[in-house]
Amino acid sequence: MTSKYAKQFDVEGVKFTTRDGVELIHIENQFAKATITTYGATVLSFIPIGQRDVLWVSDTAVYDGTKPVRGGVPICWPWFGAANQPGLPAHGFVRNMVWQVEKVGKLENGETRISLVCKSNQETLKVWPHEFELKLCVQVNSSLTLTLTTVNLGDEPVEITEALHTYFAVANPIGLPIKGLENSTHLDKLIENAPAEVQKEVVVLNPAKDSVYLNQAGEISIVDSDNSREIIIEKRNSQSSVVWNPGPEIVKGFADIDDQAWLEFACVESGNVLDNVITVPAHSEHLLSVKYSVKTTL
């Protein structure tokens, strides 16, 4: 089936295809290759020239449009984690929506830029009674920059929590050092009512892990030494990070993750969650931006 965008956007190095029930956008330029799906505006792949993929997608991910593709960079919005009301999906609803491609361009410096948008409608207003427009700008050069803009179209302020739930492909998550989370406020979500504590040392991932780090705005690096690289995360307007890997037991509850696939990824998520809630004034906007780059190590 031909993508509806194939004729609408004729840009060098950008190709539109479909897989099962979802649209895919393929980008290739002098810096990198990348793939995005309009289902949830999820970036599925980012491969800098001469490198391995920075992102991980499950081999058993579903592409029929019935659920988000497992992996890449899902968008959690307008809430992170469990919903306040029973019956509503965890991590919000926009990752279950088909976004529209708004702009596609290639800049003079060779960078490719894609903008996607989703808007409130009758269905979203039933679960979250606020008029909004949500935009994602994807910039592909030697790094990958994602900018999520919340536009409050209503006459009252709204509160949101949000995250870019990024699955990073790593050679081995066991003992994986994650630098930059020191001095943040750590909440262990695998222990019920665990007290908040100051993260004093470099985080070393030993799955299973589900930890929130509040009041954390600085740069993070994932030391993927078996792949001879560090993955650098630079954040803007983000006060929270989350580290997640289901480990060998919890993973069995995921139909779209193979039982051994927890050994292939580490989620390091950027956003504003729990106590780091964001208030967006009426007729105003809030911007969250994250830049991912790779530093080769010997």
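Predicted model: local features only at pLDDT ≥ 70, side-chain atom pairs only at ≥ 80, totals over all residues.

Author: Along the principal axes, its C-alpha atoms fill a box of roughly 50 × 50 × 35 Å. The protein chain has 2 helices and 23 strands, and 55% of its 298 residues count as buried. Among contacts with a separation of 6 or more, 63% are between residues 24 or more positions apart.

The aromatic side chains come next. The count of aromatic pairs comes to 16. One of them joins Tyr-5 and Phe-9, with 6.1 Å from centre to centre and 35° between the planes, and this pair is tilted. Tyr-5 and Phe-9 are both buried. Another pair is made by Trp-77 and Phe-93: the ring centres are 6.3 Å apart and the planes stand at 80°, so this pair is edge-to-face, the cut-off for that class being over 60 degrees. The pair links distant parts of the chain, since Trp-77 and Phe-93 are 16 residues apart. Both lie in the loop between strand E5 (75–76) and strand E6 (100–106).

The part to look at closely is Phe-93 and what lies around it. Phe-93 has a relative accessibility of 8%, and because buried means under 20%, Phe-93 counts as buried. Leaving out residues up to four places away in sequence, Phe-93 touches Trp-77, Pro-78, Trp-79, Thr-124, Val-127, Trp-128 and Phe-132. Two of these residues, Trp-77 and Pro-78, are joined by a cis peptide bond with omega of about 0°. Pro-78 lies in the loop between E5 and E6, and the place of Phe-93 is in that loop too. For a sense of distance across the model, Phe-93 and Gln-239 are 146 residues apart in sequence, and their C-alpha atoms are 22 Å apart in space.

Trp-56, Tyr-167, Trp-244, Phe-254 and Phe-265 are linked by ring pairs into a cluster. Tyr-63 has a charge over its ring: the charged end of Arg-19 sits there, 3.7 Å from the ring centre.

A polar residue gives another view of the interior. Gln-139 is placed in strand E8 (residues 132–140). Its relative accessibility is 16%, so Gln-139 counts as buried. The side chain of Gln-139 makes a polar contact of 3.4 Å with the side chain of Glu-111. Once neighbours within four places in sequence are set aside, the residues in contact with Gln-139 are Glu-111, Thr-112, Arg-113, Leu-144, Thr-145 and Thr-147.

Strand pairing can be followed from strand E3 (residues 32–37), which is mostly covered, with 5 of its 6 residues buried. E3 pairs with strand E2 (residues 22–28) in the antiparallel sense, over 5 bridges, and 3 residues lie between E2 and E3 in the hairpin they form. E3 also runs antiparallel to strand E4 (residues 42–48), joined to E4 by 6 bridges. E3 and E4 likewise form a hairpin, here with 4 residues between them, and Gly-40 in the turn has a positive phi of about 80°. Thr-37 takes part in both pairings: Leu-24 stands opposite Thr-37, and in E4 the bridge partner of Thr-37 is Thr-42.

A few backbone details remain. Pro-207 and Ala-208 are joined by a cis peptide bond with omega of about 5°, and Ala-208 is in the loop between strand E16 (203–205) and strand E17 (209–214). Asn-193 is not a glycine, yet has a positive phi of about 55°. Asn-193 is found in the loop between strand E14 (185–188) and strand E15 (197–198), and at 72% relative accessibility it counts as exposed. Leu-274, also not a glycine, has a positive phi of about 50°. Leu-274 is in the loop between strand E21 (265–272) and strand E22 (278–280); its relative accessible area is 34%, so Leu-274 is partly exposed.

Notes
Residues numbered from 1 in each chain as written. Heavy atoms only, no water. Buried < 20%, exposed > 50% of the residue type's maximum accessible area, 1.4 Å probe, protein only. Pairing = 2+ DSSP bridges. Phe/Tyr/Trp six-rings, centres within 6.5 Å; stacked < 30°, edge-to-face > 60°. Lys NZ or Arg CZ within 6 Å of the ring centre and 35° of its normal. Polar contact = N/O pair within 3.5 Å; in protein donor to acceptor, adjacent residues only side chain to side chain. Contact = heavy atoms within 4.5 Å.
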